[in-house]
Amino acid sequence: MSGRKRTVQVKFYVTEDERKLIEEKMKLVPTNNMAAYLRKIAIDGYIIQVDHTDIKAMTAEIQKIGVNVNQIARRVNATGNAYKEDLEEIKGVLAEIWRLQRLSLLKAL
């Protein structure tokens, strides 16, 4: 195996449960290369995971607003009137976005 960059093999044993745990953590990175994953963990000592839950929720709320605005624009163009209920719905969704953003910022502190 001449030309191989890594010439020293490191070998260790784990239980079946530990192997499953390693594979589950590999999915979070994500990678399918166990050697690369174990080498990265052994050298760097940690992996930073970012929780995108709040961002995904905010994105969903923004998409809802976009749909609502398009529906209202169609109605206004067709009838010439804007309905108070539509505007209140948009205000409610905007309030939810602000709530999620504040929650996200508080978690970051």
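Modeller: Let us begin with a definition: a residue is called buried when its relative accessible area is under 20%, and exposed when that area is over 50%. Please keep in mind that this is a predicted model.

Colleague: Is asparagine 68 buried or exposed?

Modeller: Asparagine 68 has a relative accessible area of 11%, which is under 20%, so asparagine 68 is buried. This residue is found in helix α3.

Colleague: What is asparagine 68 in contact with, leaving aside neighbours within four places in sequence?

Modeller: With those neighbours left aside, asparagine 68 is in contact with Glu89, Ile90 and Val93.

Colleague: And glutamate 61, buried or exposed?

Modeller: Glutamate 61 is buried, because its relative accessible area of 13% is under 20%. Glutamate 61 also belongs to helix α3, which covers residues 53-79. Leaving aside neighbours within four places in sequence, its contacts are Val93, Glu96, Ile97 and Leu100.

Colleague: Which residues of α3 are buried?

Modeller: They are Asp54, Met58, Glu61, Ile65, Asn68 and Ile72. As background, an α-helix has 3.6 residues a turn, so residues three or four places apart point the same way.

Colleague: What span should α3 have?

Modeller: At 1.5 Å a residue, the 27 residues of α3 should span 39 Å, and the end C-alpha atoms are 39 Å apart, so the two values agree. After α3 comes glycine 80, whose phi is positive, near 85°.

Colleague: Changing topic, where does lysine 107 lie, and is it buried or exposed?

Modeller: Lysine 107 lies in helix α4. Its relative accessible area is 52%, which is over 50%, so lysine 107 is exposed.

Colleague: In which helix is confidence lowest?

Modeller: Confidence is lowest in helix α4 (residues 84-108), with a mean of 79, and highest in helix α1 (residues 16-28), at 90. For the protein chain, the mean pLDDT is 83, and 96% of the residues reach 70 or more.

Colleague: Lastly, what is the volume of the largest pocket, and how many residues line it?

Modeller: The largest pocket has a volume of about 530 Å³. Its lining consists of 13 residues, and Val8, Gln9, Val10, Ala35 and Arg39 lie nearest the centre. The lining divides into seven nonpolar, two polar and four charged residues.

Notes
Residues numbered from 1 in each chain as written. Predicted model: local features only at pLDDT ≥ 70, side-chain atom pairs only at ≥ 80, totals over all residues. Heavy atoms only, no water. 1 Å grid on protein atoms, 1.4 Å probe; cavity = no way out; pocket = protein on both sides within 12 Å on 5 of 7 lines; lining within 4 Å. Points joined across faces, edges and corners; volume = space filled by probe spheres on them. Nonpolar A, V, L, I, M, F, W, Y, C, P; charged D, E, K, R; others polar. Helix = DSSP H or I, 4+ residues; strand = E, 2+ residues; numbered from the N terminus. Buried < 20%, exposed > 50% of the residue type's maximum accessible area, 1.4 Å probe, protein only. Contact = heavy atoms within 4.5 Å. pLDDT = per-residue confidence, 0-100. Expected span 1.5 Å × (residues − 1).
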